Amino acid sequence: MERLFRERLSKKICGTLVGLWFLAAEHLRMGNWDLIKGYTGCSDADIEPRIAMQIVNESALCSNRIRKSNYINHQGFELLNGLGFLVTDEQVHDLLDKHTVNQAQSLQETLAVIRSNRNHYKGDLIAIDPHRIVSVSQRIMPRKKKHPEEPSRKMLQTFFALDTQSGQPIGCGIGSPGVNTSIATLDLLNMVSLVNKNALILADKEHFTEHLIQSICQKSDFEFLVPALSTERIQKIEKSLTYQSKWSGYAVAESMFNFDRCKEKYRLISQREGEMPGDYVYKSFLTLSNRPATELLSELYHERWSIEDFFNFDGAMGFDRASTFNLNIRHGKMSLALLAQAATYEFRKKLPKPYNRWNSTHLADSVFTKIDGDIRTKDDTIIVTCYNAPKELNLHKHYQNLPEKLVSEGVNPKVPWLYDFKLDFRFK
């Protein structure tokens, strides 16, 4: 494997994928190679971590089934992963299938702690969302609607947690016949607790379950805010309350609420919108927070929609498609996609405005796959020369003389999956 890599590297390679090599520097800074080795249980010399690295870089390109695009083998993509060839679909399947859900979750947990230490998470508001992904699985399974107006389709139920201020994901999970919303959410919140034990969790109405709310109340220090389901009982409570007007057309009221056959009581906040009784629209929330009602409902809860911005912004990296329901494979691919998303976030932070707001697809199309260049070696360094990198991106400022920059940051400039070659960039 190393021999094939060096043989390919000994020949000057030209292509338009040299921009993707910028992410190698970010993987090095993030320590992603060690996370990949931990997930695969292998060493620097093994092929398995390099297969995983190819999956990570495929995610960064926002391209599904890139292994069918043979032309990419002639542009240095395989070298970026420390390989002399593109691995096959079967090799990827076998790698992911033999690693468990727990191993993928462990990878996510470690990544979340690293990202927290690098200040990727900046606030005390965490949004959680049960995100459905359209699937082309051949399995016989119930069909669901992602939106009421759309036809029913096969869906993969996923669960995400995200820091609302930075818009960065903390972790994700997958629903299954044995893992319902409550169980999956509690697993996700265990991951959140690694980076913030006292956050206010902004939930979706699907999280309005007795088991989940009771578990959060009794076993964690989280604050919690979740919309109540508009059941007949809730509607009766809403109409029976005495409301205090906060401003024209908006009023709130509070009461205590308990689930059927449950003694524990929780704070229920109801809001009423409309000027006249015939126009009133009610909506209620259950909360484990002591914050004022207007702060929770009118100032904080709308931050939950930042998680939809994440799916629109970075969903194409592998969070918007699901070809299989094999849980080992799905957890593995989504966890490795989080590595790509984290490295891309580090890269994007180096870009000036407005380029740092390019979504993942735009970034892949405009930078990772559209910069002409060549790849060659000089002594112990792989030199990537970029010929038409947009000057306004200021990439030379961050990546030219990269080994020296890494040393100044306390990072070993030797790239272990590239057999300890250093990496540097030239701009012409």
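Accessible areas here come from the Shrake-Rupley method with a 1.4 Å probe, and for residues only the protein chains shown count as cover. This is a predicted model: local features need pLDDT of at least 70, side-chain atom pairs count only at pLDDT 80 or more, and totals for chains, interfaces and linings use all residues. Residues are numbered from 1 along each chain as its sequence is written, and side-chain values use heavy atoms, leaving out hydrogens and water.

**Exercise 1.** Describe the surface and the burial of the protein chain.

*Solution.* Start with the accessible surface, which comes to about 19,200 Å². Carbon and sulfur atoms account for 47% of that surface.

**Exercise 2.** Find how helices α3 and α13 pack.

*Solution.* Helices are DSSP runs of H or I with at least four residues, numbered from the N terminus. Take α3 as residues 32-40 and α13 as residues 327-349. Their axes (lines fitted to C-alpha atoms over the stretch in contact) lie 11 Å apart, at an angle of about 170°; angles run from 0 to 180 degrees between N-to-C directions. The two helices are therefore roughly antiparallel (over 145 degrees). Now list the contact (heavy atoms within 4.5 Å): α3 supplies N32, L35, I36 and Y39, while α13 supplies G332, L336, L339 and A343. Finally, sort them by class: six are nonpolar, two polar and none charged, where Ala, Val, Leu, Ile, Met, Phe, Trp, Tyr, Cys and Pro count as nonpolar, Asp, Glu, Lys and Arg as charged, and the others, Gly among them, as polar.

Terms used:
Parallel < 35°, antiparallel > 145°, perpendicular 65-115°, else oblique. Buried < 20%, exposed > 50% of the residue type's maximum accessible area, 1.4 Å probe, protein only.
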